[in-house]
Amino acid sequence: MRTNISTNIIRDENKSLNYIVTKNAVEIFNSIFNHSNENQNSFTIIGNYGTGKSTFLWAAEKNLKKETSYFDATFSVDKKYQF
């Protein structure tokens, strides 16, 4: 039986997300969402294949939509985010 190693956000959107929050993921989430500069509208997330970029973004989306609570969002989610 073969298991998917990499997340595909479109293919996997109906699957449940079992995300393990790491210290680095919390720091990245805080850098992008909790401590973001009002003038900064985009970020680039880079890394090798299979390092969790798509899964992190999927977890961040679910967090911002208040579907789950992977990260402590200390800000008001009044902003409109495009996913």
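## Contacts of Phe71

Phe71 touches Tyr19, Val21, Ala25, Val26, Phe29, Phe56, Ala59, Ala60 and Asn63, leaving out residues up to four places away in sequence; contact here means heavy atoms within 4.5 Å. The model is predicted, so local features need pLDDT of at least 70 and side-chain atom pairs count only at pLDDT 80 or more, while totals for chains, interfaces and linings use all residues. Residues are numbered from 1 along each chain as its sequence is written, and side-chain values use heavy atoms, with hydrogens and water left out.

## Nonpolar core

The largest nonpolar core contains 13 residues, and Tyr19, Phe29, Phe56 and Phe71 have the most contacts inside it. Such a core is a set of buried Ala, Val, Leu, Ile, Met, Phe, Trp, Tyr and Cys residues joined through side-chain atoms within 4.5 Å; buried means under 20% relative accessible area (1.4 Å probe, protein chains only). Both α1 and α2 (53-64) supply at least two residues of this core, and α2 gives the most, with five.

## Chain overview

The chain has two helices and zero strands; helices (H or I, at least four residues) and strands (E, at least two) are DSSP runs, numbered from the N terminus. Of its 83 residues, 25% count as buried. Among contacts between residues at least 6 apart in sequence, 60% join residues at least 24 apart.

## Asp12

Asp12 lies in the segment before α1 (23-34) and is buried, with a relative accessible area of 5%. Apart from neighbours within four places in sequence, Asp12 is in contact with Ser6, Thr7 and Trp58.

Technical notes. Buried means under 20% relative accessible area, exposed over 50%, partly exposed in between (1.4 Å probe, protein chains only).
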